[in-house]
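Here's a quick briefing for anyone opening this structure for the first time.

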Protein chains: 2
Amino acid sequence: MSTISISATLAGLCLLLLSPTICSSSKILVVPLDGSHWLNMEVILKELHSRGHDITVLRSPQSWYIPKNSSIYTSIDVLMLEERDRDYYNKLVQDTMQCRRYPTFIRSFCNRHVITSMFTQGHDVLARSAASMFDNTVFMKKLQDAKFDLMLTDPGLTTGVLLGGYLKLPMVFNARWINSGDGHFTIAPSPVSYVPVSVSELTDQMDFVERTKNMLHYIQAVVEQYFIINPSYSELFKRHFPPGTDLLSLQHSADIWLLRADFVFEFPRPTMPNVVYIGGFQCKEAKPLPADLEAFVQSSGEHGVVIMSVGTLVSALSEEVTEAIAAAFAQLPQKVIWRFEGEKPSSLGNNTLVVKWLPQKDLLGHPKTRAFVAHGGTNGVYEAIYHGVPVLGLPLFFDQFDNLFRLKARGAAQMVEPQSLTKENFLEALTDVIETPSYRENIKRLSKLHRDRPVSPMDTAIFWIEYVIRNKGAAHLKSAGFSLPWYSYFCLDVVAFILALTGTFIWAFVFMCRILCCRRSRRKTKAE
Amino acid sequence: MSTISISATLAGLCLLLLSPTICSSSKILVVPLDGSHWLNMEVILKELHSRGHDITVLRSPQSWYIPKNSSIYTSIDVLMLEERDRDYYNKLVQDTMQCRRYPTFIRSFCNRHVITSMFTQGHDVLARSAASMFDNTVFMKKLQDAKFDLMLTDPGLTTGVLLGGYLKLPMVFNARWINSGDGHFTIAPSPVSYVPVSVSELTDQMDFVERTKNMLHYIQAVVEQYFIINPSYSELFKRHFPPGTDLLSLQHSADIWLLRADFVFEFPRPTMPNVVYIGGFQCKEAKPLPADLEAFVQSSGEHGVVIMSVGTLVSALSEEVTEAIAAAFAQLPQKVIWRFEGEKPSSLGNNTLVVKWLPQKDLLGHPKTRAFVAHGGTNGVYEAIYHGVPVLGLPLFFDQFDNLFRLKARGAAQMVEPQSLTKENFLEALTDVIETPSYRENIKRLSKLHRDRPVSPMDTAIFWIEYVIRNKGAAHLKSAGFSLPWYSYFCLDVVAFILALTGTFIWAFVFMCRILCCRRSRRKTKAE
């Protein structure tokens, strides 16, 4: 554990021990998003529970990740999203891979289209289930009577946003990023010239063509927000909310946005004062490995080990791809630990241990770990940064391309896209990541910067959640710009008015000049 | 001392005690701005000195506030600004008061004009003195050989910015705000629709007319920056810097901006990740008063005391105004402590103690203090917020109108402008501030919010200064937008291209339709 890390952790400990205790018995209503997002939320809930808060979690009856029974919260079952099985996500991965066959300029738009299709279906279901929840007056009365002090939700799932707005609760968002819609009207101004739109696979350094691409992505995102996502909820808003309410207006009523982002990874972008960065808040120092795994790791000798995991999408890679990966692994001097489900590849080498689950954080923090083969999910990326392990990325879906692209732009990762993966190019890229010192040096530098902050991201998150409870919101940190119509926000009305006024003056001036000239020339003519 | 305040202070103490000690012997070059800005810088320097840093301060030989000899720093005398006496500032106050006689819409533009005139003179002198400093090769060699780790400067004085850029040092700015120039290219996007331009006397809630006014102020500020301030330095840049360098490009090379702002006072606005808010960092709990002053304060009984100070501009009020103020004070049941220079007003009451200097922070923190009559300088405003004392503002000059306007918008202050001050309206406003509970309630609420932060503003400032030293800059927190030309920053080139392309497509479509229609009608005619 580095000096900086010890400092931040101990300072955070001091901060939390000394924090005002006035919210020790607050009632927090939590609407988490399922899947890997839940893993993030759960870490925060554990911390809130340990600080004496009373937590109620809304979950879908057949939730994939969120347990019904827990020692840290009370759960309430509510139909939210139709549960998706792995096949659904595997299909999305396949669709995304089809997109990757298009030319570079086009493929990100195709990616976005796949996501939009998923969102469109999702929002329809979310709107219908929220409507049936609001219609259930007994249930809503129960929620109202519970007198919660706070709504803590992931805005990736709109149920929490809608419910928080309906119950008029102070709201804290635990959000990944602005995945869709209009950053201008939720987080802060997002100049298209240097803020790459999500899924665009661009950096903050763009030439003219890239800025044009980014602008088209921005237009696509805005069209999605206003013409696809918002209309899904129009009936719901008409029936249950005051006129003029829409999804964006509820989103920008959030008191604090806890963004799972950090600028060692994300490109610097503007934000409003109610946006707090907590990227990597789930990371912890590594715990010792189970004895058998430790023995396997130690058997790697000086070469060390390579870890591979594609998270939730563990079964999304085709047999052809896994065979190529296995064959490449077999040629490495390193040992490999691979999180894998399904039939083992025939080309698997003796150096490769295939497991159904692995203690990812603890393995990444092991001094013998040389590289991390990952799909580029946000959690894994931050864990790699925290522990300073270079990454070979196999992006499958959604923001994973963007995530790995960012890490690659920092010189801390290589990428091989599954649809063009062969044994040779995978082996070459992996050997490059392991043997070229710059990858390790760069991610170690990112790790040092990431850990160098006044308060740890987790303590920051807890501070701001309790801040909102203590102060019943954070109205003074919210942008006044969000309440303006778009043309006023961008001052187009003012610009039009000033231009019209200037135009009129110029016209009047020219008109006067002409009259004067005509008179003079008439006089001249007369004189002649 | 409230629980929250104790928490933040102790947490900060923990943070600083535990912070990495790798910068304990760093060499910091400081170029402070004189006057009240120095008071701010000095507080930080004391803290840095106590943490073992080696500090060198550049000062003007006849500096007004900055001592030549100090136990916390070594000073170097360099001609920077021609020293101004109080008469100079009193003249500016008089000019500003002339402006206040204009209609509301116009007076702020006139105010800005007064400031611009001051700036124009100042920048000419600064550019000339910087040029002569850069020409002094022996002196510059000495500075270069000193191998400083950091330039800490107030960008209100350009000397530090120029020198930091010339010596290629990591830079931390200790800045009040974006007083002039283009916030878009220094701090972050500054949408004119809800970010009131400095000196505009607007809030973040603007109607169409106010937004037009703000836009005109923005244009005025940009014209100032590019056509008045920048040209002062063009010769200097040509001779001593690489092509393309200007004042803005040096300003946006700052690694961290420590902004003396806090959102209990300022309106929420976007900022980049390298902007850190430290408003009120100079505030401390009150120390006991000297015995005679304490006796005077205690003699006020249940009515309490009123404090009046107009800071550095202590002699700027006309005799007519001070007579009216003294007469109004005489009618109060409160006792009054007034920082005053010159001949005592004849109407002075027995309840008023006139002093040449007063322990402002300690008086504001005294439980018997009922109101603070102040000119609205930033330091005084934050001290009033910190101690929760309502304010009656007498704005004299520059940003003081804006400062008091903000406090008034929060319901924590009243304002009387000196040029229209009478005994009656001053007494009425002061009685209102003292007797109407909402002023005290509002400023107490601001005080509570201001003190409720994870780390105290002073500890935050020290953390980020040492962060820049430790990491030799903070490049990953700086906006990529600043390197773009303005038309690319605002994507005007991209918008023009997309519009042209769309236009061409529409034209081609219409053209094709016409051809097809013509052919059809020709065929029809033929068939007939």
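Chain B touches chain A through 56 residues, and 56 residues of chain A are in contact with them (contact means heavy atoms within 4.5 Å). This is a predicted model, so local features need pLDDT of at least 70 and side-chain atom pairs pLDDT 80 or more, while totals for chains, interfaces and linings use all residues. Residues are numbered from 1 along each chain, chains are lettered from A, and side-chain values use heavy atoms, leaving out hydrogens and water.

**Where the chains meet**

- Chain B and chain A bury about 4,900 Å² between them, with 72% of that on carbon and sulfur atoms; buried area is the accessible area (1.4 Å probe) lost on being put together, summed over both parts.
- There are 4 salt bridges between chain B and chain A (a side-chain nitrogen of Lys or Arg within 4 Å of a carboxyl oxygen of Asp or Glu).
- Asp493(B) and Arg211(A) pair up in a salt bridge through their side chains, at 2.9 Å, N to O.

**Two helices in chain A**

- Helix H2 (residues 36–50) and helix H17 (residues 457–470) of chain A have axes that come within 11 Å and cross at roughly 65 degrees; axes are lines fitted to C-alpha atoms over the stretch in contact, with angles from 0 to 180 degrees between N-to-C directions, and helices are DSSP runs (H or I) of at least four residues.
- On H2(A), Val43(A), Ile44(A), Glu47(A) and Leu48(A) meet Met458(A), Ala461(A), Ile462(A) and Ile465(A) of H17(A).

Conventions: Buried area = accessible area lost by both parts, 1.4 Å probe.
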